[in-house]
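Dear colleague,

Please find below the sequence and structure that I am handing over to you. My notes on the structure follow directly after it.

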Amino acid sequence: AARASGAFDERRKRQAQAALWREIGDGLIDLFRADENAGRVLPGLESKVAAGRLTPSAAARQALEAFRN
């Protein structure tokens, strides 16, 4: 019934798209962690977030800015 209605094929398409974005995300995280600029600022940002002195979103923006430069 699911195959006849196209629901199965639609679910497979969504799964394939989700897998694509997981792979992209994993690759970007690997690039980010290997980046010299991001690696330089991350330990300090993580400490500030853990201490409650910086929000996670603000820290992420700063880390991404370091990565882009």
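The paragraphs below set out what was found, beginning with the basis of the values.

The model is predicted, so local features need pLDDT of at least 70 and side-chain atom pairs count only at pLDDT 80 or more, while totals for chains, interfaces and linings use all residues. Residues are numbered from 1 along each chain as its sequence is written, and side-chain values use heavy atoms, with hydrogens and water left out.

The helix pair H3 and H4

Helix H3 covers residues 36-50 and helix H4 covers residues 56-68; their axes come within 9 Å and cross at roughly 170°. Helices here are DSSP runs of H or I with at least four residues, numbered from the N terminus. The axes are lines fitted to C-alpha atoms, for helices over the stretch in contact, and the angles run from 0 to 180 degrees between N-to-C directions. H3 and H4 are therefore roughly antiparallel to each other, a term that applies to angles over 145 degrees.

On the H3 side, Asn37, Ala38, Val41, Leu42, Leu45 and Val49 meet Pro56, Ala59, Gln62, Ala63, Ala66 and Phe67 of H4. Contact means heavy atoms within 4.5 Å. By class, this contact has 10 nonpolar, 2 polar and no charged residues. Ala, Val, Leu, Ile, Met, Phe, Trp, Tyr, Cys and Pro count as nonpolar, Asp, Glu, Lys and Arg as charged, and the others, Gly among them, as polar.

The nonpolar core

The largest nonpolar core has 7 residues, namely Phe32, Ala38, Leu45, Leu54, Ala58, Ala59 and Ala63. Such a core is a set of buried Ala, Val, Leu, Ile, Met, Phe, Trp, Tyr and Cys residues joined through side-chain atoms within 4.5 Å. Buried means under 20% relative accessible area, exposed over 50%, and partly exposed in between, with a 1.4 Å probe and protein chains only. H3 and H4 are the elements that give two or more residues to this core, and H4 gives the most, with 3 residues.

Leaving aside neighbours within four places in sequence, Leu45 is in contact with Leu54, Ala59, Gln62 and Ala63.

The aromatic pair

The structure holds 1 aromatic pair. The rings of Phe32 and Phe67 have their centres 5.2 Å apart and their planes at 50°, so the pair is tilted. Rings of Phe, Tyr and Trp (its six-membered ring) pair if their centres lie within 6.5 Å; planes under 30 degrees apart count as stacked, over 60 as edge-to-face and the rest as tilted. Phe32 lies in helix H2 (residues 7-34) and Phe67 in helix H4, so the pair ties together parts that are 35 residues apart in sequence. Phe32 counts as buried at 17% relative accessibility, whereas Phe67 counts as partly exposed at 29%.

Individual residues

Asn37 touches Ala66 and Asn69, not counting residues up to four places away in sequence. Gln62 is partly exposed, with a relative accessible area of 40%; beyond its neighbours within four places in sequence, Gln62 is in contact with Leu45 and Leu54. Arg61 lies in helix H4 and is exposed, with a relative accessible area of 54%.

With kind regards

Methods
Angles under 35 degrees count as roughly parallel, over 145 as roughly antiparallel, 65 to 115 as roughly perpendicular and the rest as oblique.
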